[in-house]
Amino acid sequence: MEALYTKLVQANENINVPVDEFIKELLNSIESVFNDSLNISMTFDIESFDPDTSKMFPLGMIINELVTNSIQHGYNEKSSMNIYLSLKKLKALFSCR
(Lines give C-alpha, C1' and ligand atoms only; values in the text may rest on other atoms or scores of the structure.)
Protein backbone atom coordinates (compact mmCIF):
# COMPACT_ATOMS: atom_id res chain seq x y z
CA MET A 1 0.00 0.00 0.00
CA GLU A 2 2.94 2.33 0.55
CA ALA A 3 3.91 2.01 -3.11
CA LEU A 4 0.33 2.75 -4.09
CA TYR A 5 0.21 5.84 -1.88
CA THR A 6 3.59 7.14 -3.10
CA LYS A 7 2.61 6.77 -6.74
CA LEU A 8 -0.74 8.45 -6.16
CA VAL A 9 0.90 11.42 -4.48
CA GLN A 10 3.21 11.72 -7.49
CA ALA A 11 0.21 11.52 -9.82
CA ASN A 12 -1.59 14.27 -7.91
CA GLU A 13 1.53 16.42 -8.21
CA ASN A 14 1.21 16.06 -12.01
CA ILE A 15 4.21 13.76 -12.23
CA ASN A 16 3.62 11.37 -15.11
CA VAL A 17 3.07 7.85 -13.76
CA PRO A 18 2.66 5.22 -16.49
CA VAL A 19 0.20 2.53 -15.45
CA ASP A 20 2.59 -0.35 -16.22
CA GLU A 21 5.26 1.05 -13.89
CA PHE A 22 2.66 1.76 -11.18
CA ILE A 23 1.07 -1.71 -11.28
CA LYS A 24 4.38 -3.61 -11.55
CA GLU A 25 5.71 -1.78 -8.49
CA LEU A 26 2.48 -2.50 -6.61
CA LEU A 27 2.64 -6.21 -7.52
CA ASN A 28 6.31 -6.45 -6.58
CA SER A 29 5.50 -4.92 -3.19
CA ILE A 30 2.68 -7.42 -2.62
CA GLU A 31 4.89 -10.31 -3.74
CA SER A 32 7.69 -9.30 -1.37
CA VAL A 33 5.29 -9.26 1.59
CA PHE A 34 3.99 -12.78 0.95
CA ASN A 35 7.02 -14.45 -0.65
CA ASP A 36 9.04 -14.63 2.56
CA SER A 37 6.95 -17.58 3.71
CA LEU A 38 5.03 -18.74 0.61
CA ASN A 39 6.00 -20.13 -2.79
CA ILE A 40 4.30 -17.52 -5.00
CA SER A 41 5.35 -16.11 -8.35
CA MET A 42 3.72 -13.35 -10.34
CA THR A 43 3.68 -12.82 -14.08
CA PHE A 44 2.26 -9.73 -15.67
CA ASP A 45 1.45 -8.43 -19.11
CA ILE A 46 0.63 -4.76 -18.62
CA GLU A 47 0.18 -2.35 -21.47
CA SER A 48 1.92 0.99 -21.03
CA PHE A 49 -0.46 3.94 -21.06
CA ASP A 50 -1.11 7.05 -18.99
CA PRO A 51 -4.60 6.90 -17.49
CA ASP A 52 -6.42 9.83 -16.02
CA THR A 53 -4.94 10.23 -12.52
CA SER A 54 -8.45 10.03 -11.04
CA LYS A 55 -8.56 6.38 -12.22
CA MET A 56 -5.21 5.36 -10.72
CA PHE A 57 -6.40 4.99 -7.12
CA PRO A 58 -9.47 2.81 -7.88
CA LEU A 59 -7.43 0.73 -10.33
CA GLY A 60 -4.67 0.20 -7.78
CA MET A 61 -7.14 -0.70 -5.04
CA ILE A 62 -8.97 -3.22 -7.25
CA ILE A 63 -5.74 -4.92 -8.33
CA ASN A 64 -4.44 -4.92 -4.75
CA GLU A 65 -7.64 -6.61 -3.54
CA LEU A 66 -7.66 -9.15 -6.40
CA VAL A 67 -4.08 -10.21 -5.78
CA THR A 68 -4.08 -10.23 -1.97
CA ASN A 69 -7.43 -12.07 -1.83
CA SER A 70 -6.15 -14.62 -4.37
CA ILE A 71 -3.17 -15.29 -2.14
CA GLN A 72 -5.07 -15.31 1.14
CA HIS A 73 -7.95 -17.50 -0.04
CA GLY A 74 -6.45 -19.51 -2.89
CA TYR A 75 -3.01 -20.49 -1.70
CA ASN A 76 -2.42 -24.14 -0.88
CA GLU A 77 0.68 -24.72 1.29
CA LYS A 78 1.36 -28.03 -0.47
CA SER A 79 1.98 -26.41 -3.84
CA SER A 80 3.23 -23.26 -5.48
CA MET A 81 1.04 -20.46 -6.81
CA ASN A 82 1.44 -18.38 -9.96
CA ILE A 83 -0.62 -15.22 -10.36
CA TYR A 84 -0.96 -13.90 -13.90
CA LEU A 85 -2.23 -10.35 -14.42
CA SER A 86 -2.98 -8.86 -17.81
CA LEU A 87 -4.04 -5.22 -18.10
CA LYS A 88 -4.94 -3.59 -21.40
CA LYS A 89 -6.64 -0.35 -22.32
CA LEU A 90 -9.72 -0.80 -24.49
CA LYS A 91 -10.81 2.64 -25.70
CA ALA A 92 -12.04 4.29 -22.47
CA LEU A 93 -12.19 1.06 -20.46
CA PHE A 94 -9.65 -1.26 -18.84
CA SER A 95 -9.48 -5.01 -19.29
CA CYS A 96 -8.01 -6.88 -16.35
CA ARG A 97 -7.69 -10.70 -16.40
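Asp 20 is buried, yet no salt bridge is formed by this residue. The nearest side chain of opposite charge belongs to Lys 24, 4.4 Å away. That gap matters because a salt bridge requires a Lys or Arg nitrogen within 4 Å of a carboxyl oxygen. The model is predicted.

**Asp 20 and its surroundings**

- Asp 20 sits in helix H2, which covers residues 19-34.
- What does the side chain of Asp 20 make a polar contact with? The partner is the side chain of Ser 48, at 3.3 Å.
- Beyond neighbours within four places in sequence, Asp 20 is in contact with Ile 46, Glu 47 and Ser 48.

- Glu 47 lies in the loop between S1 and H3.
- Glu 47 is partly exposed, at a relative accessible area of 30%.
- Its contacts, leaving aside neighbours within four places in sequence, are Val 19, Asp 20, Leu 87, Lys 88 and Lys 89.
- Glu 47 and Glu 21 are 26 residues apart along the chain, and their C-alpha atoms are separated by 9.7 Å.

**The salt bridge**

- How many salt bridges does the structure hold? There is one.
- Asp 45 forms a salt bridge with Lys 88. The closest N and O atoms of this pair are 3.0 Å apart.
- Are the two partners buried or partly exposed? Asp 45 is partly exposed, with a relative accessible area of 32%. Lys 88 is also partly exposed, at 27%.
- As background, side chains of opposite charge can pair when their charged atoms come close.

**The largest nonpolar core**

- The largest nonpolar core has 22 residues.
- Which members touch the most other members? They are Ile 23, Leu 27, Ile 63, Val 67 and Ile 71.
- Two or more residues of this core come from each of H2, S1, helix H3 (53-74) and S2.
- H2 gives the most to this core, with seven residues.
- Ile 71 touches Ile 30, Phe 34, Leu 38, Ile 40, Met 42, Met 81 and Ile 83, not counting residues up to four places away in sequence.
- In soluble globular proteins, nonpolar side chains tend to be buried together.

**Ser 41 in strand S1**

- Ser 41 has its place in strand S1.
- Ser 41 counts as partly exposed, at 34% relative accessibility.
- Which side chain is joined to that of Ser 41 by a polar contact of 3.0 Å? The partner is Asn 82.
- Ser 41 touches Glu 31, Met 81, Asn 82 and Ile 83, not counting residues up to four places away in sequence.
- Ser 41 and Asn 28 are 13 residues apart along the chain. Their C-alpha atoms are separated by 9.9 Å.

**Ser 79 in a loop**

- Ser 79 is found in the loop between H3 and S2.
- Ser 79 is partly exposed, with a relative accessible area of 37%.
- Ser 79 and Asn 39 are 40 residues apart in sequence. In space they are 7.5 Å apart, C-alpha to C-alpha.

**The chain as a whole**

- The chain has three helices and three strands.
- In what order do the elements run from the N terminus on? The order is α-α-β-α-β-β.
- The chain has 97 residues, and 36% of them count as buried.
- Among contacts with a separation of 6 or more, 68% are between residues 24 or more positions apart.
- The chain exposes about 6100 Å². Carbon and sulfur atoms supply 50% of that area.

Definitions and conventions:
Residues are numbered from 1 along each chain as its sequence is written. This is a predicted model: local features need pLDDT of at least 70, side-chain atom pairs count only at pLDDT 80 or more; totals for chains, interfaces and linings use all residues. Side-chain values use heavy atoms; hydrogens and water are left out. Helices (H or I, at least four residues) and strands (E, at least two) are DSSP runs, numbered from the N terminus. Buried means under 20% relative accessible area, exposed over 50%, partly exposed in between (1.4 Å probe, protein chains only). Lys and Arg count as positive and Asp and Glu as negative; His and the chain ends are not counted. A polar contact is a pair of N or O atoms within 3.5 Å; within protein, one must be able to donate a hydrogen and the other to accept it, and residues adjacent in sequence count only if both atoms are side-chain atoms. Contact means heavy atoms within 4.5 Å. A nonpolar core is a set of buried Ala, Val, Leu, Ile, Met, Phe, Trp, Tyr and Cys residues joined through side-chain atoms within 4.5 Å. Accessible areas come from the Shrake-Rupley method with a 1.4 Å probe; for residues, only the protein chains shown count as cover.
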